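Dear colleague,

I am handing over the structure below, and my notes on what was found in it follow directly after. Please read them with the model open beside you.

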Amino acid sequence: MRLQKWSLVGVILAIFASPHRSYAQSAGEILKRYEGLYRFAGPHPKYEVHRFFQQSDVFVFPSLAEGSACVTYEALASELPIITTPNSGSVARDGIDGFLVPAQDVDAIGERLALLYADPALRRRMGAQGRELIEREYTWRHYRRRVGDLYRQLLEDGSTASIQTGPGA
């Protein structure tokens, strides 16, 4: 499936660029052939991203390699179902708060987008479940507690062999 015109009213694909000029420039050149099928949002400061989330119905992040991309946490906290890859480091749960698709599988992304477009109740349910996950396990308060626990354990044990850092640790 190539990027193609959707016959769906109100569908806008907003593409963000890296603040690094060389990346934004090359992305813009690649996407020229798809002119009119998307809105190129370009680089934006971090504090403006929430505005785009508020205007969105789904968040797609087809990353090839990330540690644990903060933007996926932000999308979940904004009650957006997400479509991402296992490579994104996202805490999203496949089929619960969104979908995990294989890296570079454009057809899988298109299928999940079509499913979420056709089923507004599913979109809302996944979005609400994602928000609940973030509130329950991934706020800054949770992060501070886990980091503090890690430091305490390191100071007490002097060993890293048994350190558990994820939720429920």
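In this predicted model, the buried residues of helix H5 pack against helix H3 (70-77), strand S5, helix H4 (106-118) and helix H6 (140-157). The residues of H5 that count as buried are Leu 122, Arg 123, Met 126, Gly 127, Gly 130, Leu 133 and Ile 134. Viewed down the axis of H5, these buried residues fall within an arc of 130 degrees, so they line one face of the helix. In general, an α-helix has 3.6 residues a turn, so residues three or four places apart point the same way. As for length, the 18 residues of H5 (residues 120-137) should span 26 Å at 1.5 Å a residue, and this agrees with its end C-alpha atoms, which are 26 Å apart.

Helix H4 has Ala 108, Ile 109, Gly 110 and Leu 116 as its buried residues, and these pack against strand S3 (59-61), S4, S5 and H5.

Is Asp 97 buried or exposed? Its relative accessibility is 0%, so Asp 97 counts as buried. The side chain of Asp 97 makes a polar contact of 2.5 Å with the side chain of Arg 93, and the residues that Asp 97 touches, leaving aside those up to four places away in sequence, include Met 126, Gly 130 and Leu 133, each of which is among the buried residues of H5.

Best regards

Technical notes:
Residues numbered from 1 in each chain as written. Predicted model: local features only at pLDDT ≥ 70, side-chain atom pairs only at ≥ 80, totals over all residues. Heavy atoms only, no water. Buried < 20%, exposed > 50% of the residue type's maximum accessible area, 1.4 Å probe, protein only. Polar contact = N/O pair within 3.5 Å; in protein donor to acceptor, adjacent residues only side chain to side chain. Contact = heavy atoms within 4.5 Å. Helix = DSSP H or I, 4+ residues; strand = E, 2+ residues; numbered from the N terminus. Expected span 1.5 Å × (residues − 1). Arc of directions from axis to C-beta.
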